[in-house]
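Please find below a short note on the structure shown here.

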Amino acid sequence: MKKIIASLVAAAAVALPALSDPLKDNQFNTMHSLGCMLLRECTDEVYKVKSITSVSSEYPDIDYSIVADEFDSMLLALEQVGVGVFLADSKYFTIGQRGVYHTVGNNFFLNKEYMGSTAYLMQVMRHEGWHAAQDCMAGTIDNSLIAIIKPEDEVPIIWRVMAERTYPKNVVAWEAEASWAGRTEKMTMEALQACAKGNMWEVYEPTPLTREYLVKEGYITK
């Protein structure tokens, strides 16, 4: 079962120890600061995203209207299933990290440093949102497991190769399809809407091993 469902490690969606004391300057942009943010122990300059306006207000010179409909549709579906989206200062992320989904806390965080581009915003929103959909595919958003949504042979080879070059081998299947979704208009939106409507396994046929798991755990009957 480990082959089809696993905690998301490569995207840093892991439970990390919180720090009891405020972070020191040399602890920012480390796994410590990341864990502090993921566990909601560090909330300074971490803001809840309520609509595209929460993002666009930070970048008055950028026109976000071209992505507003898809962004807000994803945000609504995420809200309906209990996933929070936050815009956070870059100091909490590891270097080069644009976003992260936390399977335990069911929140994901956008790195403010990169969100001044509609292209980056949507790539990260779709990518991390796809991980939330994978969480849903594994039975419920409330557990810490994720499952692939698409059969691996349906994922375009370019995203498979890129994932193999970027992530540890044990998470390539999950990251390859998330990378695909990150650059495909409305793909994540539709998956999140299926999750919110409760018909995830009707819209997306579970892989054989995922179906076996879902039946065993009582999520579906056959």
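**Notes on the model**

1. Leucine 75 is found in helix α3, residues 68–81 (helices are DSSP runs of H or I, at least four residues, numbered from the N terminus). Leucine 75 is buried, its relative accessible area being 8% (buried means under 20%, exposed over 50%, partly exposed in between, with a 1.4 Å probe and protein chains only). Leaving aside residues up to four places away in sequence, leucine 75 touches Val49, Lys50, Ser51, Val85 and Met125 (contact means heavy atoms within 4.5 Å).

2. This is a predicted model, in which local features need pLDDT of at least 70, side-chain atom pairs count only at pLDDT 80 or more, and totals for chains, interfaces and linings use all residues. Residues are numbered from 1 along each chain as its sequence is written, and side-chain values use heavy atoms, with hydrogens and water left out.

3. The whole structure contains 2 disulfides (a disulfide is a pair of cysteine sulfur atoms within 2.5 Å). One joins cysteine 36 to cysteine 42, with an S to S distance of 1.9 Å. The torsion about this S-S bond is about 80 degrees, so the disulfide is right-handed. Cysteine 36 is buried at 1% relative accessibility, and cysteine 42 is buried at 11%.

4. Cysteine 136 and cysteine 195 form a disulfide with sulfur atoms 2.3 Å apart. The pair links distant parts of the chain, 59 residues apart: cysteine 136 lies in helix α4 (residues 118–137) and cysteine 195 in helix α7 (residues 187–197). Both cysteine 136 and cysteine 195 are buried.

5. Isoleucine 158 belongs to helix α5, residues 157–166. Isoleucine 158 counts as partly exposed because its relative accessibility is 48%.

Terms used
Helix = DSSP H or I, 4+ residues; strand = E, 2+ residues; numbered from the N terminus.
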